[in-house]
Amino acid sequence: MTLEEYYREELPRMEYAKQYLLDLAEKFPAQHQLSGVEPILYCTSRIKSPDSMTAKLKLRGLPTDSATALTEVYDAVGIRVICSFLDDVYDVADWLCKQNLFRIITKKDYISWPKPNGYRSLHLILQFTEGKAEGLYAEIQIRTIAIDFWAALEHQLKYKHTIKHEATIRSELKRCADEIASVDMSMQTLRDIIREEK
């Protein structure tokens with residue numbers, strides 16, 4: 001099933017919401033830059049596929065129609081903002097929380113409080129309060145490039161079925177996540193030292 005077949009007349013509004021959030025992220029104020037280091041390196045976006053959405057609804061015991069999807073699942077529209085440093089993640093999140101076209105429903109800080117598997121990211125769930133996307137929900141994930149590297153590979157590895165040594169792989173993935181988090185902290189410390197010398 002295609003996006004058009006599943007979301008039907010709501011798809012243009014979803015596409016608009018996705019593009020609006022991407023464009024908004026690009027407007028993050030330039031004064032947050034340090035010596036040419038961009039706070040936001042790049043952004044990605046997606047609309048959740050019908051297969052993924054119906055699987056999520058089934059898991060929750062909900063009807064699998066698109067109307068239920070858009071009212072009960074908050075990440076049908078999603079963007080990911082990839083930052084240079086940990087401070088940038090929080091600066092971007094704080095700035096987004098002050099925008100007017102939507103309200104923040106929840107803020108989940110998996111950087112300060114990582115998931116058991118080592119996943120670290122900051123998630124904002126929002127709802128548009130006016131304009132063409134009014135009423136729609138969306139999710140913004142904000143993370144460093146180091147965290148994104150781990151998450152992208154972990155996502156691919158964990159969906160491989162028939163893994164012989166699952167416990168070992170999970171343990172190693174967690175160890176790698178912790179090491180990457182340590183690198184992020186070290187890079188942040190270096191940035192802070194450079195700032196102090198200016």
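Start by selecting G118, R120, I147, W150, A177, I180 and A181, which line the largest cavity. A cavity here is a set of points on a 1 Å grid over the protein atoms alone where a 1.4 Å probe fits but cannot get out, and lining residues have an atom within 4 Å of a point.

This is a predicted model, in which local features need pLDDT of at least 70 and side-chain atom pairs pLDDT 80 or more, while totals for chains, interfaces and linings use all residues. Residues are numbered from 1 along each chain as its sequence is written, and side-chain values use heavy atoms, with hydrogens and water left out.

The volume of the largest cavity is about 40 Å³, taken as the space filled by probe spheres set on grid points joined across faces, edges and corners. The count of cavities of 30 Å³ or more is one.

Next, colour α6 (145–158) and α7 (166–197), each of which supplies at least two lining residues. Helices are DSSP runs of H or I with at least four residues, numbered from the N terminus. With three residues, α7 gives the most to this lining.

Now move to the cysteines. The whole structure has zero disulfides, a disulfide being a pair of cysteine sulfur atoms within 2.5 Å. Select C83: its nearest cysteine sulfur belongs to C43, 7.9 Å away.

Note on methods. On a 1 Å grid over the protein atoms alone, a cavity is a set of points where a 1.4 Å probe fits but cannot get out, and a pocket is an open set with protein on both sides within 12 Å along at least five of seven lines; lining residues have an atom within 4 Å of a point.
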